[in-house]
Amino acid sequence: MRDLISIRDLEKKDVDSFLSEAAKMEKLVGKPQKTLAGKLIASMFFEPSTRTNMSFQAAAKRLGAKILTFHSSTSSAVKGENLADTIRMMDGYADAIVLRHPMEGAARFAADLAACPVINAGDGGNQHPTQTLIDLYTIKKLKGKIGGLDITLLGDLKHARSMRSLLYGLAMYGAEVTLVSPPALRMDEDILKEVKAKFGAKPAQAAEAKLKGCDVLYVCRIQKERFSDSYEAERMQREFRVDMEMLKDADSKLAILHPLPKVDEIPPEVDADPRAKYFEQAKNGVPVRMAVLKKCILS
Amino acid sequence: MPLAVQKIENGTVVDHISAGAGSRVLQLLSSHHPISKMAALIMNAPSRKYHLKDIVKIEGVFLDEKAVNRIALLAPNATLNIIRGGKLVDKHHVKAPPAIMGIIKCPNPKCVTNTERTETAFLQSKGGETLRCRHCERLFKPDELA
């Protein structure tokens with residue numbers, strides 16, 4: 001594995017390999033490592049990020065690597081320098097590039113240009129493969145397996161890149177997935193056809209979540225920035241939120257996950273519920289990204 | 001009464017274009033090869049196979065690979081007839097290649113290929129019903145790309 005650009009580039013054995021490496025990495029967190037000592041990793045974020053940026057930096061430092069931080073707002077990008085030149089330059093400075101960029105396909109484009117490994121940390125509305133690996137790792141860690149689990153994906157399934165990639169990953173493992181969203185925010189038919197053709201998966205569609213017997217409820221926010229009518233977005237958010245009333249019927253074994261940031265879709269009182277696992281999920285970002293950095297840079 | 005259209009001496013006849021797509025094929029060809037001699041667009045001609053079809057005849061034009069690939073997207077059932085000295089010297093069906101490189105702009109405005117200088121690439125699905133942009137990974141129907 002040299003670059004990590006898209007979940008579509010991975011076969012199940014590749015994902016398995018990342019997940020088992022992440023389990024090994026988790027045991028090493030807190031113990032100084034020299035696995036990537038002497039390596040420089042360029043962290044290039046052209047869009048805001050908290051968890052992805054910080055956990056990649058933490059992962060690199062946990063493995064003994066150093067970080068070159070690129071700030072797009074103070075770089076020559078503001079003078080109009082194109083992405084190609086910026087990538088070529090950074091390729092000469094660093095041993096690997098972690099890239100988040102608003103244009104879809106930016107990571108693939110960068111990987112074509114750079115000699116060093118490129119890791120996609122989100123390219124517009126397209127892919128966020130390390131988030132999918134974190135989600136799969138968290139589910140496997142909590143439940144011991146992925147295949148056969150009853151998993152509900154709830155929220156804006158049309159715009160959230162993490163949900164599309166996650167459905168692909170869950171289908172790869174044979175999970176029983178139910179999709180719950182407002183009619184206007186349903187997942188694109190293309191991805192449903194793709195997972196059916198590739199993995200024989202048939203995700204169910206439902207108007208509301210039924211949590212009795214559900215193993216994992218994965219929630220994502222309604223992406224208000226994609227709506228021209230913010231009132232309509234808020235109305236949908238009110239209808240598709242997870243509160244204590246809704247969780248009344250859910251089993252104690254339920255795990256509630258969320259890629260974060262969460263806004264109104266999960267009120268703060270749910271955070272204290274033992275079924276809320278999204279902060280643990282975010283924490284798993286470090287060992288999973290340690291595994292990604294190690295595999296991409298050293299193999 | 002059947003419509004009579006003059007034969008061409010040296011050039012190309014694109015036959016079996018789906019009825020209604022002929023004007024787009026002619027427009028596409030003119031963007032690849034300037035049409036300075038006779039050209040004809042026949043619409044809704046009777047067809048045994050497709051009931052109705054469009055036909056484009058162009059004098060003095062022989063299509064290059066890029067033009068043929070684009071016709072394959074727009075008119076996947078089309079047949080190319082190459083005429084030299086008034087005689088049919090070659091006849092074949094168009095066929096889109098598994099990957100179409102460089103000749104098509106990605107319709108997704110957020111695709112990086114629309115802001116950076118790079119060769120686009122579209123990969124065909126198994127049945128040829130859709131093509132996926134190698135960069136932004138969006139799926140498109142062939143006629144959206146033609």
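Biologist: How are α2(A) and α11(A) oriented to each other: roughly parallel, roughly perpendicular or oblique?

Modeller: This is a predicted model. In it, the axes of α2(A) (residues 51-62) and α11(A) (residues 285-298) cross at roughly 60°. The two helices are therefore oblique to each other. Their axes come within 8 Å.

Biologist: Is that crossing left-handed or right-handed?

Modeller: The crossing of α2(A) and α11(A) is right-handed.

Biologist: Which residues meet there?

Modeller: From α2(A), A:Arg51, A:Ser55, A:Phe56, A:Ala58, A:Ala59, A:Ala60 and A:Arg62. From α11(A), A:Gly285, A:Val286, A:Arg289, A:Met290 and A:Leu293. By class, this contact has seven nonpolar, two polar and three charged residues.

Biologist: Next pair. At what angle do α6(A) and α7(A) pack?

Modeller: About 20°, with the axes of α6(A) (residues 161-173) and α7(A) (residues 189-199) 10 Å apart. An angle under 35 degrees counts as roughly parallel, so α6(A) and α7(A) are roughly parallel to each other. Their crossing is right-handed.

Biologist: And which residues make the contact?

Modeller: α6(A) brings A:Arg164, A:Leu167, A:Tyr168, A:Ala171 and A:Met172. α7(A) brings A:Ile191, A:Val195 and A:Phe199. The class count is seven nonpolar, no polar and one charged.

Biologist: Switching to the chains. How many residues does the contact take from chain A and from chain B?

Modeller: 16 residues from chain A and 15 residues from chain B. On the chain A side, α3 (83-93) and α4 (106-113) are the elements that give two or more residues.

Biologist: Which element gives the most to that side?

Modeller: α4(A), with three residues. By class, the side of chain A that touches chain B has five nonpolar, seven polar and four charged residues.

Note on methods: Residues are numbered from 1 along each chain as its sequence is written. Chains are lettered from A and ligands numbered from 1 in the order in which they are written. This is a predicted model: local features need pLDDT of at least 70, side-chain atom pairs count only at pLDDT 80 or more; totals for chains, interfaces and linings use all residues. Axes are lines fitted to C-alpha atoms, for helices over the stretch in contact, and angles run from 0 to 180 degrees between N-to-C directions. Helices (H or I, at least four residues) and strands (E, at least two) are DSSP runs, numbered from the N terminus. Angles under 35 degrees count as roughly parallel, over 145 as roughly antiparallel, 65 to 115 as roughly perpendicular and the rest as oblique. A crossing is left-handed if the near helix is turned anticlockwise from the far one by less than a right angle, and right-handed if clockwise. Two residues are in contact if their C-beta atoms, placed from the backbone, lie within 7 Å. Ala, Val, Leu, Ile, Met, Phe, Trp, Tyr, Cys and Pro count as nonpolar, Asp, Glu, Lys and Arg as charged, and the others, Gly among them, as polar.
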